[in-house]
Amino acid sequence: MYGWIFRHLPGPLWARIFTSVILVAAALGALVTWAFPWMAQFTPFSGTTLDGQ
Amino acid sequence: MNTRKAGLTVAARQRSAETDPASSPKPPAPGLQDTAPGDPARIPAPVAEGRGRGRVLRGVARVAGELLITIGIVLGLFVAWDLWGTNLSANATQAQAVRDFTRGLDAPLSPKAALKGDYGPAPATAAPTGIGEVFGVAYIPRLGATYSRPLVQGTSQAQLDTLGLGHYPATQMPGQPGNFAVAGHRQTHGAVLDNIDTLVPGDRIYIQTRQGYYTYVFRNSEIVTPDHTAVVLPVPDHPGAQPTESLLTMTSCNPKFGDWQRFIAYSVLESWQPLDAGPPAEIAAIVAANEGKG
């Protein structure tokens, strides 16, 4: 999968490495911005208050 | 690479067993075996092995493996983000909120000896006008030499995930007879009450509001289930009872990395002093340091 993506990136090797770094950074950004805050509701660290408060 | 080689070797071994039972059980390198003379049907084998069902299966297995590795890495990153990363941003937000609040008070930063004395019964802090309003700062030396966290009105995620100690709006305010109850995270988002279990009876807890400094003394703690809402009553566990003392009740997760219980810490209001008298000696350094920052 990742090999396939890397082979299909345009440009010479250095350009593809650069594009890969950008893609990984974008994926990490999306995780931290949207995915992780959403996943946090399933962790057992949010229950600090009493029921119904 | 290895899987492909292994697949070829196995296939070659099977073929040689079918056509030549007398051949050595140790197969030669793939490619050489496949082009055995006198059997034209086997000649295109190296190319043919890379096509068809075997190739599809290998492709599927490779993608599935990469996805599983990706999921593992993402989950690892999530744990790091949740237990460590959220603290960085929450600590910064809370330090800023403390700074904004104390600077707005324009009160002296060092104890004023001339004003030392008994200031009589503590006045009640005015209730915040809305959810999300920062109305004070909590100083708990036992939880850290520089421990100071904002007090915010409301206990929903929006407040607790950013501003630290959330005041249960249905409970009383500092100085009022009854129960000033606040909640805070044990882990993540600043881990505001991480070490709540280390409080020792007699420890001072200082609450600073626009009305002054309230000094509470930690009395006792208990561990209850989350449905035990009577702990934030004006007189905990006594519905309808008339309060005679002012309590500070802090609630947080228990155990530290779980949420099926609540750690409840009770403190009793001991004394009060106006902002003009300066901070109590024990927290004077923290108050001054907070305002000096950035």
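The pLDDT is the predictor's confidence in each residue, from 0 to 100. The structure is a predicted model, in which local features need pLDDT of at least 70 and side-chain atom pairs count only at pLDDT 80 or more, whereas totals for chains, interfaces and linings use all residues. Residues are numbered from 1 along each chain as its sequence is written, and chains are lettered from A in the order in which they are written.

Chain B averages a pLDDT of 84, with 81% of the residues scoring at least 70. The value stays under 50 over residues 27–36 of chain B, for which the model has 19 contacts beyond four places in sequence (two residues are in contact if their C-beta atoms, placed from the backbone, lie within 7 Å). Where pLDDT is low, the predicted coordinates should not be read in detail.

Just after α3(B), B:D106 takes a positive phi of about 55 degrees.

The contact between the chains takes 30 residues from chain B and 18 residues from chain A. On the side of chain B that touches chain A, the largest share, seven residues, comes from α3(B). The predictor gives the complex an ipTM of 0.90 and a pTM of 0.78.

Notes. Helices (H or I, at least four residues) and strands (E, at least two) are DSSP runs, numbered from the N terminus.
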